[in-house]
Amino acid sequence: MKEIRVAVAGVGNPDRFCATLMQLGLTPALVAFVDHHRFVAADLFFDDDLPIVLTEKDAVKIRRVDRSDIPERCWYLEIDAVMTESAEAALNVCLATRGIVPREAA
């Protein structure tokens, strides 16, 4: 397994993020912050030069931190959500009952 120093997550379910990294063959130590954590540069510094992996959501949030303060060894895991046709249909019904229609139907 590849060595990654730490997985940093400020999301609702940081253990799921860590489990995903482990399924990919990585062995990170998890540093979890509360959901919607407002990151500061110090949150991203550890006592070695090993890579740090963040959630994609947290990577967006650290853009508020001065770029020169972010370690170059920070990476993020990009996630793509794919909905099944039945899940999309159920979501459309749920939204339609609230008066929200898909853009192409508007």
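# Around strand β3

Biologist: Which residues of β3 point one way, and which the other way?

Modeller: In a regular strand, side chains alternate between the two faces of the sheet. Every one of the residues you ask about in β3 is buried, where buried means under 20% relative accessible area, exposed over 50%, and partly exposed in between, for a 1.4 Å probe and protein chains only. Strands here are DSSP runs of E with at least two residues, helices are runs of H or I with at least four, and both are numbered from the N terminus. From β3, one way point Ile 52 and Leu 54, and the other way point Val 53 and Thr 55.

Biologist: Before we go on, what pLDDT do side-chain atom pairs need in order to count?

Modeller: Residues are numbered from 1 along each chain as its sequence is written, and side-chain values use heavy atoms, with hydrogens and water left out. This is a predicted model, in which totals for chains, interfaces and linings use all residues, local features need pLDDT of at least 70, and side-chain atom pairs count only at pLDDT 80 or more.

Biologist: Happy with that! In what order do the four strands form the sheet?

Modeller: Strands of a sheet pair through backbone hydrogen bonds, either parallel or antiparallel. Here two strands pair if DSSP finds at least two bridges between them, and the pairing is parallel. The sheet is open, and its order is β2-β1-β3-β4.

Biologist: Which strands stand at the edges?

Modeller: Each edge strand has a single partner, so one side of it is left without a neighbour in the sheet. From one strand to the next, the twist averages 30 degrees. The edge strands are β2 (29-32) and β4 (74-77).

Biologist: How many bridges join β3 to β4?

Modeller: On the β1 side, β1 (residues 6-9) pairs with β3 (residues 52-55) over three bridges; Val 8 stands opposite Leu 54, and Ala 7 has Val 53 as its bridge partner. On the β4 side, Thr 55 has Leu 77 as its bridge partner. β3 and β4 run parallel, and the bridges joining them number four.

Biologist: Which residues make up the largest nonpolar core?

Modeller: A nonpolar core is a set of buried Ala, Val, Leu, Ile, Met, Phe, Trp, Tyr and Cys residues joined through side-chain atoms within 4.5 Å. β1 and β3 each supply at least two residues of the largest one, and another core of eight residues lies apart from it, among them Ala 9, Phe 17, Leu 21 and Leu 77. The twelve residues of the largest core are Val 6, Val 8, Phe 33, Phe 39, Ala 41, Leu 44, Ile 52, Leu 54, Ile 62, Val 65, Ile 70 and Cys 74.

Biologist: Against which strands do the buried residues of α1 pack?

Modeller: The buried residues of α1 are Pro 14, Phe 17, Cys 18 and Leu 21. They cover an arc of only 95 degrees around the axis, which puts them on the same side of α1; the arc is taken from the directions from the helix axis to the C-beta atoms. The face turned away from that buried side carries the exposed residues Asp 15, Arg 16 and Gln 23. The buried residues pack against β1, β2, β3 and β4.

Biologist: Which backbone nitrogen does the side chain of Asp 58 reach?

Modeller: Asp 58 belongs to helix α2 (residues 56-61) and is buried, with a relative accessible area of 0%. Leaving aside neighbours within four places in sequence, Asp 58 is in contact (heavy atoms within 4.5 Å) with Val 8, Ala 9, Gly 10, Val 11 and Phe 39. At 2.6 Å, the side chain of Asp 58 reaches the backbone nitrogen of Gly 10.

Biologist: And is His 36 buried or exposed?

Modeller: His 36 is in the loop between β2 and β3, and has a positive phi of about 70 degrees although it is not a glycine. His 37 lies in that loop too and is buried at 17% relative accessible area. At 60% relative accessibility, His 36 counts as exposed.

Conventions. Axes are lines fitted to C-alpha atoms, for helices over the stretch in contact, and angles run from 0 to 180 degrees between N-to-C directions. A polar contact is a pair of N or O atoms within 3.5 Å; within protein, one must be able to donate a hydrogen and the other to accept it, and residues adjacent in sequence count only if both atoms are side-chain atoms.
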